[in-house]
Amino acid sequence: MAKISLIVNGNPTTANIDPRTLLVQFLRENLRLTGTHVGCDTSQCGACVVHLDGRAVKSCTTLAVMADGHEVRTIEGLAVDGAPLHPMQEAFREHHGLQCGFCTPGMIMTAIDMVHRKGHDLDDRTIRDELEGNLCRCTGYQNIVESIAAGAMAMAKSDLS
């Protein structure tokens, strides 16, 4: 067993885990944070994207022990209970950037990382290129792209970036 200590969604967490435990398994099974989804187990679909020290990572191919001493933020950590949605979440809701919702948490986490790296004024081409590692099997991506562009602009005006 390996002992890990990390901060998840602002909360200090310590656990004894099998060193082979994937971060996505730890989040879903140990912490019951089921917003992070498992879609492929091979880093192809992006449904498992979380932020590790503020950067997007695919938690299905990241060992939980790699997060020891670091900060992890999941989709559940974007808006505290009773607080307004994060601007990117609100943009996905407002611009119909989802259908079944399975890919949505990973899309939103990727989109926020994209804004942090590329800025608030994102064109369609940049958004589409940056979404290369995220698959949606329901939409034609147009509403996702519109949602991300709107969310990026809303993040510029918000303190919830």
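Trainee: What share of the 161 residues of the chain counts as buried?

Mentor: In this predicted model, 44% of the chain's residues count as buried. The cut-off behind that word is a relative accessible area under 20%.

Trainee: Why is Q89 called buried?

Mentor: Q89 has 13% relative accessibility, and buried means under 20%, so Q89 counts as buried. The residue is found in helix α2. Setting aside neighbours within four places in sequence, Q89 is in contact with I75, L78, A79 and I108.

Trainee: Which other residues of α2 are buried?

Mentor: Helix α2 covers residues 87–94, and P87, M88, A91 and F92 are buried there along with Q89. The buried residues of α2 pack against α3 and α5. After α2 comes H96, with a positive phi near 55°.

Trainee: And D41: why is that residue called partly exposed?

Mentor: Its relative accessible area is 48%. Buried would need under 20% and exposed over 50%, so D41 falls in between and is partly exposed. D41 sits in the loop between α1 (23–30) and β3 (49–52).

Trainee: What does D41 contact, leaving aside its neighbours within four places in sequence?

Mentor: C60 and T61. As for L63, which is 22 residues from D41 along the chain, the C-alpha atoms of the two are separated by 12 Å.

Trainee: Let's turn to helix pairs. How do you describe two packed helices?

Mentor: By the angle between their axes and the distance between the axes. For α3 (residues 104–118) and α5 (residues 142–156), the axes come within 10 Å and cross at roughly 50°.

Trainee: What makes α3 oblique to α5?

Mentor: Roughly parallel would need an angle under 35 degrees, and roughly perpendicular takes 65 to 115. The crossing is at roughly 50°, so α3 is oblique to α5. α3 passes α5 in a right-handed crossing.

Trainee: Which residues make that contact of α3 with α5?

Mentor: From α3 they are M107, A111, I112, M114, V115 and H116, and from α5 they are I144, I148, A152 and M155. By class, the contact of α3 with α5 has 9 nonpolar residues, 1 polar and no charged ones.

Trainee: How do α2 and α5 cross?

Mentor: Their axes come within 8 Å and cross at roughly 140°. The crossing of α2 past α5 is right-handed. On the α2 side the contact is made by P87, M88, A91 and F92; on the α5 side, by I144, S147, I148, A150, G151, A152, A154 and M155.

Trainee: How do the residues of the contact of α2 with α5 divide by class?

Mentor: They divide into 10 nonpolar, 2 polar and no charged.

Trainee: Zooming out, how do you know that the radius of gyration of the chain agrees with a compact globule?

Mentor: Set the value against the rule, which is 2.2 Å times the number of residues to the power 0.38. With 161 residues, a compact globule would have a radius of gyration near 15 Å, and the chain has 15 Å, so the two agree. The C-alpha trace spans about 45 × 30 × 25 Å along its principal axes.

Trainee: What is the pattern of secondary structure along the chain?

Mentor: There are 5 helices and 5 strands, and along the sequence they follow β-β-α-β-β-β-α-α-α-α. Of the contacts between residues at least 6 apart in sequence, 58% join residues at least 24 apart.

Notes: Residues numbered from 1 in each chain as written. Predicted model: local features only at pLDDT ≥ 70, side-chain atom pairs only at ≥ 80, totals over all residues. Heavy atoms only, no water. Axes fitted to C-alpha atoms, helices over the stretch in contact; angles between N-to-C directions. Helix = DSSP H or I, 4+ residues; strand = E, 2+ residues; numbered from the N terminus. Parallel < 35°, antiparallel > 145°, perpendicular 65-115°, else oblique. Left-handed = near helix turned anticlockwise from the far one by under 90°. Contact = heavy atoms within 4.5 Å. Nonpolar A, V, L, I, M, F, W, Y, C, P; charged D, E, K, R; others polar. Buried < 20%, exposed > 50% of the residue type's maximum accessible area, 1.4 Å probe, protein only.
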